[in-house]
Amino acid sequence: MPREFDQFTITDEVIDRFKNTPNPRLKQLMEAVVRHAHALVQETQLTETEWSFAIDFLTRTGQTCSDRRQEFILLSDTLGISMLVDAINNAVPAGATQSTVLGPFFVQDAPVAQNNSRIDLDDDHGGQPLYAEATFTDLQGNPIESAKVDVWHSDEQGNYDIQYGPDASLTRRARFVTGKDGRVTFWTSLPAAYPIPYDGPVGQMLAAANRHPWRPAHLHYMVDAPGFKHLTTHIFVNGDQYLESDAVFGVKKSLVDDFPERPAGTAPDGSVVDRPYRHLVWHFKLPHLDHTLPGSFAAPTSRSSPTD
Ligand code: BEZ
Ligand code: FE
């Protein structure tokens, strides 16, 4: 006789079908996916129409992805999943710089730049000049040499370079490598707040929920230094109206700065500026890789990947 399953027995049966999965982490993840997905259907008594809609939504989310757009990252970000994964994986010791969401606008192999150069290379959109100074040290304040530091940010209209089309040139992004002093300094223009791309399925979800798509103005920094924990973070501009309601939940109080205005005149790098400019001075502190965190939730490094 064939076995048949009803709404009370099917979940255990599906979980049982994963019992021979050789990779233990994949087995654990698949069992949890089944358990939680079935619980969602049970809890909401999902209708067939609703399930079809959900499948269509996910299909459109995939179809919206291209090499310049990642709608699934936006979905993860707007559901708070990106920041939950970040919180679980990036607990840092007291005093270390906190991380936040990566977002979809990072580009590998950004142009390499030297300290004090200008990274807003296209025509002047009228944004206020910004001089950004950063020092990268360990938790004791010793400068970190040879750190690769990627920076990227929106322009004064709230757009990233790659949003201007496939032929747009890269600007407002650069890669620096720190010297012995652990410093990275550059000129650019003050970024503006911007809506995450909302002309696709994720935007429709936000609109259906009466949620706005805005992110407060920020600079992105990504730091890779030999022997130190990787850091992906932002520095947010204080006073921004979206600091309290970031569409992707990425704001942390420790990452907000005033970006104070300085009068026209001689800037810290000795150059002369003919109008008032904004000034960011930030001290990034990175823990050593072997720093152990009391009570940390960090995953054991020996955990095997579900695809092994
Ligand atoms: C960003 O900061 O670039 C970003 C993060 C999450 C979603 C969209 C944009
Ligand atoms: Fe951003």
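This is a short tour of the structure above, one selection at a time.

The model is predicted, so to speak of local features a pLDDT of at least 70 is needed, side-chain atom pairs count only at pLDDT 80 or more, and totals for chains, interfaces and linings use all residues. Residues are numbered from 1 along each chain as its sequence is written, chains are lettered from A and ligands numbered from 1 in the order in which they are written, and side-chain values use heavy atoms, with hydrogens and water left out.

**Stop one: the sheet**

Now look at S2 and S14, which run parallel to each other over 8 bridges. Here Ala134 stands opposite Trp282 in S14.

**Stop two: the core**

Next, select Val149, Phe176, Phe186, Tyr221, Leu280 and Phe284: of the 29 residues in the largest nonpolar core, these touch the most other members. Such a core is a set of buried Ala, Val, Leu, Ile, Met, Phe, Trp, Tyr and Cys residues joined through side-chain atoms within 4.5 Å, where buried means under 20% relative accessible area, exposed over 50%, and partly exposed in between (1.4 Å probe, protein chains only). S2 gives the largest share of this core, 4 residues. Centre on Val149 and list its contacts (heavy atoms within 4.5 Å): leaving out residues up to four places away in sequence, they include Phe136, Phe176, Val184 and Tyr221.

**Stop three: charged pairs**

The whole structure holds 16 salt bridges, each a side-chain nitrogen of Lys or Arg within 4 Å of a carboxyl oxygen of Asp or Glu. Pick Glu13 and Arg3, whose side chains meet at 2.8 Å, N to O. Glu13 lies in helix H1 (residues 10-16) and Arg3 in the segment before H1, so this pair ties together parts 10 residues apart in sequence. Which of the two is buried, and which is exposed? Glu13 is buried at 10% relative accessible area, while Arg3 is exposed at 59%.

Move on to helix H3 (residues 48-64), where Arg60 and Asp56 are 4 residues apart, about one helical turn. Their side chains form a salt bridge of 3.0 Å, N to O.

Key. Helices (H or I, at least four residues) and strands (E, at least two) are DSSP runs, numbered from the N terminus. Two strands pair if DSSP finds at least two bridges between them.
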